[in-house]
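Please work through the model shown here with a few questions on its bonds, its pocket and its backbone.

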Amino acid sequence: MEFFADIFRYSYLANALAAAILASVLCGIIGTYIVSRRLVFLCGGVTHASFGGLGIAFYLGVNPIGGALLFAILSALGIEWAADRGKMREDSAIGIIWSVGMAIGALFMSLTPGYTSGDLSSYLFGSIITVTSTDVVLLGILTALCTLGAIIWWRPIMFMAFDRNFAASQGIDTREVSYLMSIVIAVAIVMAIRIMGIVLLLSLFTIPAVAANALTKSYSKITILAVVVAVIGAVLGLIVSYYLEVPSGASIIFMLTLILIAVKILSLRSKKLKNAN
């Protein structure tokens with residue numbers, strides 16, 4: 001195929017493919033925890049709140065990813081703290097931080113001299129072809145660390161994902177794990193922004209895990225299948241984007257959605273056959 005031949009000819013295409021695969025593995029692992037613990041809304045809140053960090057970074061003329069990372073981590077910890085201390089309902093805290101982050105980003109963007117709407121398009125909707133070799137290396141390191149962490153702390157993470165009270169009864173410091181996972185989620189979100197964009201990123205964390213959950217209830221199997229689904233969807237989406245010359249983020253989401261629909265149809269058919277027997 002022309003696509004795979006061009007990977008060896010153009011470095012930007014090789015970087016895009018590597019970033020898509022690494023981000024899919026990362027989002028598959030973390031997305032399983034997010035979906036199992038019902039933190040999808042929190043993930044969306046942190047994703048959109050990071051827009052505030054992007055806006056401030058653009059205004060100050062510093063690295064936008066650095067600003068988004070700081071804002072995302074603070075937002076995730078703020079939400080966790082408010083919910084943990086009973087200061088505010090978690091959904092209320094998420095809604096407030098979500099809207100305030102977006103408002104801060106819009107404000108500082110409007111104050112930035114020479115700002116045009118195109119400056120943020122790659123962060124809002126993703127621009128995988130702009131991913132550099134440095135981005136790929138950093139994403140690879142984070143993915144390796146998350147994979148290793150998931151293997152080492154598999155049981156505590158699994159217990160936390162399904163039942164926090166049961167995890168506490170097993171001697172697990174649930175507060176510490178919650179704060180740590182909030183930071184990991186925030187970092188993963190920011191590292192994947194360039195691939196999917198703020199608007200579309202939530203789907204890469206949720207659709208693969210939801211599709212995997214339709215096939216199995218085992219946390220380990222869900223994680224593995226979520227990674228497989230995410231990688232397949234990302235690679236197919238990138239190929240479709242290459243040939244049709246459409247945005248890669250939207251193309252990846254469409255591929256993942258088609259996979260989810262196919263999995264749901266197959267799982268329903270399987271249930272009907274079992275009931276019939």
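Q: How many disulfides does the count come to in this predicted model?
A: The model is a predicted one, and a disulfide here requires two cysteine sulfur atoms within 2.5 Å. The sulfur of Cys-27 has its closest cysteine sulfur in Cys-43, at 8.1 Å, which is too far for a bond. Cys-146 is likewise in no disulfide, since the nearest cysteine sulfur, that of Cys-27, is 9.8 Å away. By this rule the count comes to 0 disulfides.

Q: Does Cys-146 count as buried or exposed?
A: The cut-off for a buried residue is under 20% relative accessible area. The relative accessible area of Cys-146 is 13%, and therefore Cys-146 is buried.

Q: To which backbone oxygen does the side chain of Ser-36 reach?
A: Ser-36 has its place in helix 2 (residues 11–36), and at 13% relative accessibility this serine counts as buried. Leaving aside neighbours within four places in sequence, Ser-36 is in contact with Ala-161, Phe-162 and Tyr-219. The side chain of Ser-36 reaches, at 2.7 Å, the backbone oxygen of Thr-32.

Q: How far apart in space are Gly-55 and Gly-67, C-alpha to C-alpha?
A: Gly-55 lies in helix 3 (residues 40–60) and counts as buried, at 0% relative accessibility. Beyond its neighbours within four places in sequence, Gly-55 is in contact with Gly-105, Phe-108, Met-109 and Thr-112. Gly-55 and Gly-67 are 12 residues apart in sequence, and their distance in space, C-alpha to C-alpha, is 8.1 Å.

Q: Which element gives the largest share of the lining of the largest pocket?
A: The largest pocket has a volume of about 450 Å³, and of the 22 residues that line this pocket, the closest to its centre are Gly-149, Trp-153, Ile-157, Leu-180 and Met-181. Two or more lining residues come from each of helix 2, helix 7 (133–152), helix 8 (154–162), helix 10 (174–213) and helix 11 (219–244). The largest share, 6 residues, comes from helix 10.

Q: Where is Arg-38 found?
A: Most residues other than glycine have a negative phi. The phi of Arg-38, by contrast, is near 60°, a positive value in a residue other than glycine. At 72% relative accessibility, Arg-38 counts as exposed. Arg-38 is found in the loop between helix 2 and helix 3.

Q: What value is phi of Glu-245 near?
A: Glu-245 lies in the loop between helix 11 and helix 12 (248–276). Its relative accessible area is 72%, so Glu-245 is exposed. Glu-245 is a residue other than glycine with a positive phi, and that phi is near 55°.

Methods: Residues numbered from 1 in each chain as written. Predicted model: local features only at pLDDT ≥ 70, side-chain atom pairs only at ≥ 80, totals over all residues. Heavy atoms only, no water. Helix = DSSP H or I, 4+ residues; strand = E, 2+ residues; numbered from the N terminus. Buried < 20%, exposed > 50% of the residue type's maximum accessible area, 1.4 Å probe, protein only. Polar contact = N/O pair within 3.5 Å; in protein donor to acceptor, adjacent residues only side chain to side chain. Contact = heavy atoms within 4.5 Å. 1 Å grid on protein atoms, 1.4 Å probe; cavity = no way out; pocket = protein on both sides within 12 Å on 5 of 7 lines; lining within 4 Å. Points joined across faces, edges and corners; volume = space filled by probe spheres on them.
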